[in-house]
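Work through the exercises below with the sequence and the coordinates open. Each task is followed by its solution in steps.

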Amino acid sequence: MIENMFSGSDLSEFRIWMTWADRYVILTHMGPDGDAVGSSLALCRYLRGKGKQAVVLVPDSAPGFLKWLPGADDIRVYADDPDSSDDLVYKADVLCCLDFNVVGRIGRIAASFLYSKAKKFLLDHHPYPGANYDVILSHPEASSTSELVFHLICALGDFSEIDKETAQCIYTGIMTDTGALSYNSNNSNLFKVISHLLEKGIDKDEIYRRVYNNYSESRLRLQGFVLNEKMQVFPELSTALITLNDQELRRFSYRKGDTEGFVNMPLQINGVLMSAFFREDAEQGLIKLSFRSTGNVPCNRFSSDFFNGGGHENAAGGEFRGTLQEAVERFRKGLDEWSRSQEDCIRQLFKK
Ligand code: 5GP
Ligand code: MN
């Protein structure tokens with residue numbers, strides 16, 4: 001039997017809102033990924049099926065490899081029209097916050113979010129949820145927020161209303177947040193969820209191809225360049241670092257989403273337990289940081305200790321205001337500081 005992640009009382013308030021609330025705005029984090037977009041579109045489709053006015057609003061646009069998702073054409077991008085987006089947030093009855101924990105993650109939407117009198121509902125799997133919500137369903141043990149949307153719909157008694165398109169969105173989120181079920185997915189219940197999604201008619205192999213075999217030639221060449229020339233491995237620190245500056249990105253006709261997955265690659269090297277990827281974002285004037293780790297190495301703590309970032313134990317991120325060189329220096333200093341830690345989970349990086 002599939003176990004629902006929510007108890008009856010978890011959803012009692014949301015259920016009451018559903019009896020009177022008509023206007024739902026679904027918000028997700030900056031740099032929306034497969035789980036952010038998949039979970040948001042799945043919830044949006046479900047709510048529309050229940051006769052609600054629902055819209056997905058993202059701070060900035062989703063990468064091209066997610067544009068095929070059912071409903072993706074309807075996503076509102078805050079940066080495209082800030083005034084009408086703010087209006088949408090003010091006029092909402094319910095703001096559903098998916099796949100992020102603290103409001104800083106929704107960028108410029110945060111101001112209208114905080115002012116809005118709407119009910120605020122958080123459904124997320126990042127640790128340390130913030131406090132600006134009326135109802136918080138935070139499950140860091142979940143593979144993805146998309147898995148939580150599946151449980152939410154079922155807990156509301158509407159499994160039968162999950163159609164093939166909703167199932168496609170949910171599966172995409174599960175797949176992208178688990179590296180195609182290669183991490184964060186040792187859970188038999190998750191495979192029961194996937195089994196139900198297959199019964200709804202999804203073609204999981206096709207979804208894999210649409211997401212992962214959808215690169216431009218220049219993106220694949222950028223990957224070759226990165227592995228050959230840009231990956232630095234520090235065996236004595238069990239760590240690797242990749243950096244890409246704006247000029248290098250332009251040389252390979254960089255498009256949003258092209259560097260997705262790069263940060264995972266150094267973990268394929270025997271002995272590398274933590275990997276970092278720093279990308280210069282000249283448009284926003286910052287360095288985007290990504291961290292990945294294996295086992296119980298807490299890369300989210302590295303990100304928060306030295307870069308004011310956050311995320312999951314094995315997948316975290318952050319932003320750095322300064323030059324790429326300064327970010328690298330901070331990284332080296334951070335590792336130096338960590339090398340003096342007495343904690344086992346950190347010490348294992350320095351065993352060589
Ligand atoms: P990614 O490396 O794929 O951008 O992000 C990995 C994880 O870190 C995601 O779960 C994401 O929510 C979190 N994350 C990414 N960027 C940031 C950031 O700037 N701040 C915080 N707190 N978390 C982030
Ligand atoms: Mn997620």
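## Exercise 1: Contacts of ligand 1

A polar side-chain atom of K288 lies 2.9 Å from a nitrogen atom of ligand 1. The model is a predicted one.

Solution. 
- Step 1. Ligand 1 has 14 residues around it, of which R105, H126, K288, S290 and R292 come nearest.
- Step 2. A polar contact needs a pair of N or O atoms within 3.5 Å.

## Exercise 2: The manganese site

Task: Find which residues coordinate the manganese ion (ligand 2), and state what spacing the donors follow along the chain.

Solution. 
- Step 1. The donors to the manganese ion (ligand 2) are OD of D35, OD of D99, NE2 of H125 and OD of D177, at 2.2 to 2.3 Å.
- Step 2. Along the chain, these donors of the manganese ion (ligand 2) give the pattern D-x63-D-x25-H-x51-D.
- Step 3. D35 belongs to helix α2 (residues 34–49), while D99 sits in the loop between β4 (94–98) and α4 (110–115), so the pair ties together parts that are 64 residues apart in sequence.
- Step 4. D35 and D99 are both buried; the cut-off for that class is under 20% relative accessible area.

## Exercise 3: The second largest pocket

Task: What is the volume of the second largest pocket, and how do the residues of its lining divide into nonpolar, polar and charged?

Solution. 
- Step 1. The volume of the second largest pocket is about 220 Å³.
- Step 2. Its lining includes G64 and F65, the residues N214, Y215, S216 and S218, and also S253, R255, K256, G257 and D258.
- Step 3. By class, the lining of this pocket has 2 nonpolar, 6 polar and 3 charged residues.

## Exercise 4: Positive phi values

Task: Where are Y128 and N184 found, and is each exposed or buried?

Solution. 
- Step 1. Most residues other than glycine have a negative phi.
- Step 2. Y128, not a glycine, has a positive phi of about 60 degrees. N184, also a residue other than glycine, has a positive phi near 55 degrees.
- Step 3. Y128 is in the loop between β5 (119–124) and β6 (135–138). N184 is in the loop between α6 (164–177) and α7 (188–199).
- Step 4. Y128 has 64% relative accessibility and therefore counts as exposed. N184 has a relative accessible area of 44% and is partly exposed.

## Exercise 5: Distance in sequence and in space

Solution. 
- Step 1. I136 is in strand β6 and counts as partly exposed at 36% relative accessibility. I136 and F121 are 15 residues apart in sequence, with 6.1 Å from C-alpha to C-alpha.
- Step 2. L152 is in helix α5 (residues 145–155) and is buried, with a relative accessible area of 0%. L152 and Y183 are 31 residues apart in sequence and 23 Å apart, C-alpha to C-alpha.
- Step 3. E283 is in the loop between β9 (274–281) and β10 (286–293) and counts as exposed at 81% relative accessibility. E283 and E337 are 54 residues apart in sequence, with 32 Å between their C-alpha atoms.

Terms used: Residues are numbered from 1 along each chain as its sequence is written. Chains are lettered from A and ligands numbered from 1 in the order in which they are written. This is a predicted model: local features need pLDDT of at least 70, side-chain atom pairs count only at pLDDT 80 or more; totals for chains, interfaces and linings use all residues. Side-chain values use heavy atoms; hydrogens and water are left out. Donors are N, O and S atoms within 2.8 Å of the metal (3.2 Å for Na, K and Ca); water is not among the atoms, so sites may look incomplete. Helices (H or I, at least four residues) and strands (E, at least two) are DSSP runs, numbered from the N terminus. Buried means under 20% relative accessible area, exposed over 50%, partly exposed in between (1.4 Å probe, protein chains only). On a 1 Å grid over the protein atoms alone, a cavity is a set of points where a 1.4 Å probe fits but cannot get out, and a pocket is an open set with protein on both sides within 12 Å along at least five of seven lines; lining residues have an atom within 4 Å of a point. Grid points are joined across faces, edges and corners, and a volume is the space filled by probe spheres set on the points. Ala, Val, Leu, Ile, Met, Phe, Trp, Tyr, Cys and Pro count as nonpolar, Asp, Glu, Lys and Arg as charged, and the others, Gly among them, as polar. A residue is near a molecule or strand if one of its heavy atoms lies within 4 Å of it. A polar contact is a pair of N or O atoms within 3.5 Å; within protein, one must be able to donate a hydrogen and the other to accept it, and residues adjacent in sequence count only if both atoms are side-chain atoms.
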